[in-house]
Amino acid sequence: MMQNVHLAPETDEDDLYSGYNDYNPTYDTEELENDTAFQQAVRTSHGRRPPITAKIPSTAVTRPIATGYGSKTSLTSSMGRPVTGAIQDGVTRPMTAVRAAGFTKAALRGSAFDPLGQSRGPAPPLEAKNEDSPEEKIRQLEKKVNELVEESCIANSCGDLKLALEKAKDAGRKERVLVRQREQVTTPENINLDLTYSVLFNLASQYSANEMYAEALNTYQVIVKNKMFSNAGRLKVNMGNIYLKQRNYSKAIKFYRMALDQIPSVHKEMRIKITQNIGVTFITTDREKMKKAFQKLIAVPLEIDEDDKYISPSDDSHTNLVIEAIKNDHLRQMERERKAMAEKYILTAAKLIAPVIETSFAVGYDWCVEVVKASQYVELANDLEINKAITYLRQKDFNQAVETLKMFEKKDSRVKSAAATNLSFLYYLENEFAQASSYADLAVNSDRYNPSALTNKGNTVFANGDYEKAAEFYKEALRNDSSCTEALYNIGLTYKKLNRLDEALDCFLKLHAILRNSAQVLYQIANVYELMEDPSQAIEWLMQLISVVPTDSRALSKLGELYDSEGDKSQAFQYYYESYRYFPSNIEVIEWLGAYYIDTQFCEKAIQYFERASLIQPTQVKWQLMVASCFRRSGNYQRALDTYKDIHRKFPENVECLRFLVRLCTDIGLKEVQEYATKLKKLEKMKEIREQRIKSGRDSSGGARGKREGSAGSDSGQNCSASSKGERLSAKLRALPGTNEPYESSSNKEIDASYLDPLGPQIERPKTAAKKRIDEDDFADEQLGDDLLPE
């Protein structure tokens with residue numbers, strides 16, 4: 001058992017992995033270039049079979065080498081079998097299947113080693129091209145067809161559609177000649193179908209671009225019906241597009257659906273686009289249906305008698321009595337109602353379909369007008385033109401609206417009055433009161449009983465300050481139409497301007513009974529009560545206003561002002577704060593809130609409001625002084641000092657800022673106190689000199705003023721009122737942090753004229769009669785309704 005156990009020799013203990021790098025030097029190819037025997041064998045035929053040498057021991061018998069001059073002797077390998085290529089018993093042993101590149105049988109017979117075939121010499125010259133051969137002519141013709149197709153496409157892209165079509169036709173003719181020549185030379189299977197397809201497709205596209213739709217459809221049919229063209233079915237989309245342009249919507253939908261059926265589901269984007277085309281075609285079909293329905297509506301017979309029937313043809317008293325009896329009987333009233341209903345339906349239908357039946361609403365209105373003019377409702381065409389102008393107004397296109405309305409200046413009186421009323425309304429909105437007055441006069445002269453024209457005339461007089469005369473026009477408009485809310489509203493404003501508050505309140509209360517949720521009316525009632533010094537009623541009506549428009553910042557600030565005047569600071573703060581939330585840029589609200597926090601000893605909270613005020617009015621030094629004052633009052637002297645220094649850099653001539661800088665630097669013990677004190681003295685001295693100059697100038701002009709005592713008295717009264725207003729505006733800044741008293745705000749503030757109305761900057765201006773109803777949802781931005789037509 002131990003005889004099979006072999007111990008490792010001691011010499012191998014140090015290297016367990018020895019022997020792995022040993023290899024046979026016969027396989028060393030790196031030194032072949034330096035091997036003389038190998039190189040000689042490669043260059044000559046001496047080494048076809050390596051000679052047997054005594055260096056390599058072998059058990060085989062010594063073998064003679066065969067030469068080309070002697071007979072071949074059989075060679076025996078070391079295993080006793082014949083060598084490859086040896087002859088044994090008259091039969092040559094087959095050569096090995098794998099042999100080196102470049103070694104051929106001829107090389108065995110003494111040929112030189114030439115693996116690249118360099119000994120064969122240069123290649124023979126190319127054969128000359130025979131241009132007269134049929135194949136060459138076909139190739140040249142095919143090249144010419146491709147060039148024509150490319151030229152046609154380029155001409156189309158450049159906009160030269162006629163040249164593109166000519167090139168496409170020429171390409172089609174040459175392609176047919178090419179097909180005939182190919183059929184004569186080769187078999188039909190060798191025809192270039194791709195070229196035929198491209199030529200036909202380009203020709204159809206150019207026909208379609210030149211609006212030759214019949215020829216385009218015929219060319220597409222040739223492509224689609226040829227079963228040899230793959231994916232030709234999708235060209236039915238193009239055919240559907242042509243039918244859509246021809247307004248043949250049923251065939252367009254048919255071809256779209258056929259194309260959709262032939263496109264695989266993997267082409268999702270293409271299928272979606274075709275489906276979109278089908279939807280667009282259905283919508284366009286609806287447009288045509290709308291047009292046909294409108295034409296049918298126009299063609300409905302009214303079956304009522306003409307108005308000429310009720311005009312007496314003679315002086316026969318009996319006939320006149322009969323006509324007077326039937327002129328306003330029940331049958332005649334029914335006829336009027338039927339005609340009015342028909343006109344209403346036609347106008348409504350035209351308003352609905354005009355914006356959608358064509359590419360633009362203007363073209364749609366033009367189509368409706370032409371259809372109406374060709375019917376029995378000729379007089380409605382003018383009303384449609386006025387509706388077209390109103391649509392321009394809704395789109396803020398005032399120039400087009402004016403041009404449309406000016407076409408009616410030479411029409412009959414009713415249409416002229418309606419157009420002039422709307423023109424007066426437009427010019428009044430643009431503050432061109434002279435033009436507005438001119439067209440208002442034209443409207444009134446054309447129809448004296450037009451309440452809208454009278455209201456607009458009153459507006460122009462109101463704008464000129466003649467309130468009594470404006471009231472007369474408004475009253476006349478109300479006599480003609482008691483439901484004219486514009487005239488009633490405007491006469492209330494007129495009475496308020498004339499300080500006839502009871503009559504103004506009566507007008508607005510009547511209007512409130514008609515328009516229950518009108519924010520404008522609610523505010524005017526509250527404002528009249530405030531002018532009548534009844535703040536409780538004013539607050540009550542403002543609360544109703546807030547319920548209608550809860551986010552109106554001016555109404556909320558007005559409520560805060562009224563509560564502040566009543567002494568209810570908490571309620572005032574609530575509404576002022578709500579106003580600030582919705583509109584944080586109202587400087588009066590910001591000032592009140594800052595003063596409120598200072599009054600309640602919360603100076604830190606007042607800082608954010610005065611900082612916002614300084615952002616809104618960066619050139620007003622008082623807001624920045626208030627910020628610094630709040631820092632000082634809250635004990636943050638360093639922030640106060642930094643703020644005062646920043647103010648001094650921005651406003652170096654502000655005396656109050658320098659005074660506080662001197663005081664703070666003295667209290668803190670800073671060295672800059674002397675610098676600021678020197679600057680303060682210089683500014684005070686300059687101010688004193690300036691005041692002396694002003695005083696001396698006034699003394700020198702005192703005699704001249706004495707001569708104009710009468711006029712000076714009135715002027716001085718105005719100056720006093722202006723200066724008193726200035727004093728009131730600056731009352732809150734009198735107690736700047738230089739005194740020991742806290743900052744207080746004046747509760748009795750004078751209301752600015754533009755502030756009287758929280759609903760818009762022009763609320764005190766009279767309402768224009770062109771608008772028949774007040775938009776309750778957005779009263780600050782008046783919308784123009786369809787009621788611009790006079791009743």
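How many helices and strands make up the secondary structure of the protein? The protein has 32 helices and 2 strands, where helices (H or I, at least four residues) and strands (E, at least two) are DSSP runs numbered from the N terminus. What you see is a predicted model, in which local features need pLDDT of at least 70 and side-chain atom pairs count only at pLDDT 80 or more, while totals for chains, interfaces and linings use all residues. Residues are numbered from 1 along each chain as its sequence is written, and side-chain values use heavy atoms, with hydrogens and water left out.

Let us start with the whole protein. Of its 791 residues, 36% are buried, meaning under 20% relative accessible area with a 1.4 Å probe, protein chains only. The accessible surface comes to about 48700 Å², and carbon and sulfur atoms account for 51% of that; the areas come from the Shrake-Rupley method with a 1.4 Å probe. Among contacts (heavy atoms within 4.5 Å) between residues at least 6 apart in sequence, 52% join residues at least 24 apart.

Ser-424 counts as buried because its relative accessibility is 1%. Leaving aside residues up to four places away in sequence, Ser-424 touches Ala-436, Tyr-439, Ala-440 and Asn-456.

Next come helix 17 (residues 451-463) and helix 18 (residues 467-480), which pack at an angle of about 170° with their axes 8 Å apart. Axes here are lines fitted to C-alpha atoms, for helices over the stretch in contact, and angles run from 0 to 180 degrees between N-to-C directions. Helix 17 and helix 18 are therefore roughly antiparallel, a label for angles over 145 degrees. Residues making this contact include Leu-454, Val-461 and Phe-462 of helix 17 and Ala-470, Phe-473 and Tyr-474 of helix 18.

Rings of Phe, Tyr and Trp (its six-membered ring) pair if their centres lie within 6.5 Å, and the count comes to 22 aromatic pairs. One of them, Tyr-563 with Tyr-575, is stacked (planes under 30 degrees apart), at 5.6 Å centre to centre and 5° between the planes. This pair links helix 23 (residues 553-565), which holds Tyr-563, to helix 24 (residues 569-582), which holds Tyr-575. Both tyrosines, Tyr-563 and Tyr-575, are buried.

Finally, look at Lys-291, whose charged end sits over the ring of Trp-367, 5.3 Å from its centre. That description requires NZ of Lys or CZ of Arg within 6 Å of the ring centre and within 35 degrees of the ring normal.

Technical notes:
Buried means under 20% relative accessible area, exposed over 50%, partly exposed in between (1.4 Å probe, protein chains only). Rings of Phe, Tyr and Trp (its six-membered ring) pair if their centres lie within 6.5 Å; planes under 30 degrees apart count as stacked, over 60 as edge-to-face and the rest as tilted. Angles under 35 degrees count as roughly parallel, over 145 as roughly antiparallel, 65 to 115 as roughly perpendicular and the rest as oblique.
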